[in-house]
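Could you walk me through this protein structure? I am new to reading such models and would like to follow it step by step.

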Amino acid sequence: FRASEFLIFAGYGLTDALNIEFEAAMIDAELERAANDPTAVPDDVSESGLGDVQTQINWMWSRETVSRPAFFSFFETVYPLQKDKKLIGTSDWELKFGTGMVRGFKWGTMTIRAAAEYNRSERTFDLGEIAVEYLRRLSSSWRVYTGVEGTQDEIELITELQWHFTPGAYAKINNAFGITSKATDWAPEVGLMMSLWGAGSGLRGLGH
């Protein structure tokens, strides 16, 4: 399986503690059947078009203090916009609810989060994405991120270098490496993030 993807992300801080995010993907994917695969899967399947489209609401309901970490919750909806596709997009509603905590230390910031997921097509509730993340500010311009995240049998190790070239914008180079057998082997990513109105709510910094 190989795919190339273009992602667009937008987030808006409604308050200091509440924000909403939107993310959409355009994807070009190809699946080649292995020589030892005895199933009736075609030798080659290719699809392109709209990938996953989702919105997420984040709420920081407890701020960090000297004695305890910050706590947050989030609700995510993935829309069923590709009902007839096999490789790309989502064919039915997916709903996720999760919570996590953030704690800053002298050596960096740690985030732990977990979610439950409902897949309408399968009518099931499952453990959703879990993650343990670390963010370190090296200087006013450079930050490094590493994390382990995924769902059940699709776990990835992620590394990222961020260059904050202005107070409101940064470029990032990201690599995801599959830890479990069903995770993508290698997924490099190059991106640009910008804040158009001030510094933003900061909730996006909880992840990567």
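Predicted model: local features only at pLDDT ≥ 70, side-chain atom pairs only at ≥ 80, totals over all residues.

Residues are numbered from 1 along each chain as its sequence is written, and side-chain values use heavy atoms, with hydrogens and water left out.

Let us begin with the secondary structure. The protein has zero helices and eleven strands; here helices (H or I, at least four residues) and strands (E, at least two) are DSSP runs, numbered from the N terminus. Reading from the N terminus, the order of elements is β-β-β-β-β-β-β-β-β-β-β. The radius of gyration of the protein is 18 Å, close to the 17 Å that the globule rule gives for 208 residues, so the protein is as compact as a globular protein of that length. That radius is taken over C-alpha atoms, and the globule rule is 2.2 Å times the number of residues to the power 0.38. Along the principal axes, the C-alpha trace spans about 60 × 35 × 30 Å.

What share of the 208 residues counts as buried? The value is 32%, where buried means under 20% relative accessible area, exposed means over 50%, and partly exposed is in between (1.4 Å probe, protein chains only). The protein exposes about 13100 Å², and carbon and sulfur atoms supply 59% of that area. These areas come from the Shrake-Rupley method with a 1.4 Å probe, and for residues only the protein chains shown count as cover. As for contacts (heavy atoms within 4.5 Å), consider those with a separation of 6 or more: residues 24 or more positions apart account for 40% of them.

Now to the charges. The protein has 19 positive and 29 negative side chains, and the centres of the two sets lie 9 Å apart. In this count Lys and Arg are positive and Asp and Glu negative, while His and the chain ends are not counted. The place of a charge is taken as NZ of Lys, CZ of Arg, CG of Asp or CD of Glu. Side chains of opposite charge can pair when their charged atoms come close. A salt bridge is a side-chain nitrogen of Lys or Arg within 4 Å of a carboxyl oxygen of Asp or Glu, and by this rule the count comes to ten salt bridges.

Which residue forms a salt bridge with Glu 129? The partner is Arg 113, with the closest N and O atoms 2.7 Å apart. Glu 129 lies in strand β7 (residues 124-137) and Arg 113 in strand β6 (residues 108-119), so this pair ties together parts that are 16 residues apart in sequence. Glu 129 is partly exposed at 28% relative accessibility, whereas Arg 113 is buried at 13%. Arg 113 also forms a salt bridge with Glu 133, where the closest N and O atoms are 3.2 Å apart. That pair again links β6 and β7, with Glu 133 and Arg 113 standing 20 residues apart. Glu 133 is buried, at 2% relative accessibility. Arg 113, Glu 129, Glu 133 and Glu 149 are linked in a network of salt bridges.

Another salt bridge joins Lys 172 and Glu 160, whose closest N and O atoms are 3.9 Å apart. Lys 172 lies in strand β10 (residues 169-178) and Glu 160 in strand β9 (residues 154-166), so the pair ties together parts that are twelve residues apart in sequence. Both Lys 172 and Glu 160 are buried.

Finally, let us visit some single residues. Arg 123 lies in the loop between β6 and β7 and is exposed, with a relative accessible area of 55%. Its phi is near 55°, a positive value in a residue other than glycine. Gln 152, in the loop between β8 (142-151) and β9, also has a positive phi, about 50°, although Gln 152 is not a glycine.

Thr 124 belongs to strand β7 and is partly exposed, at 24% relative accessible area. Leaving aside neighbours within four places in sequence, Thr 124 is in contact with Glu 117, Tyr 118 and Asn 119. Is Val 190 buried or exposed? Val 190, found in strand β11 (residues 186-194), is exposed, with a relative accessible area of 72%.
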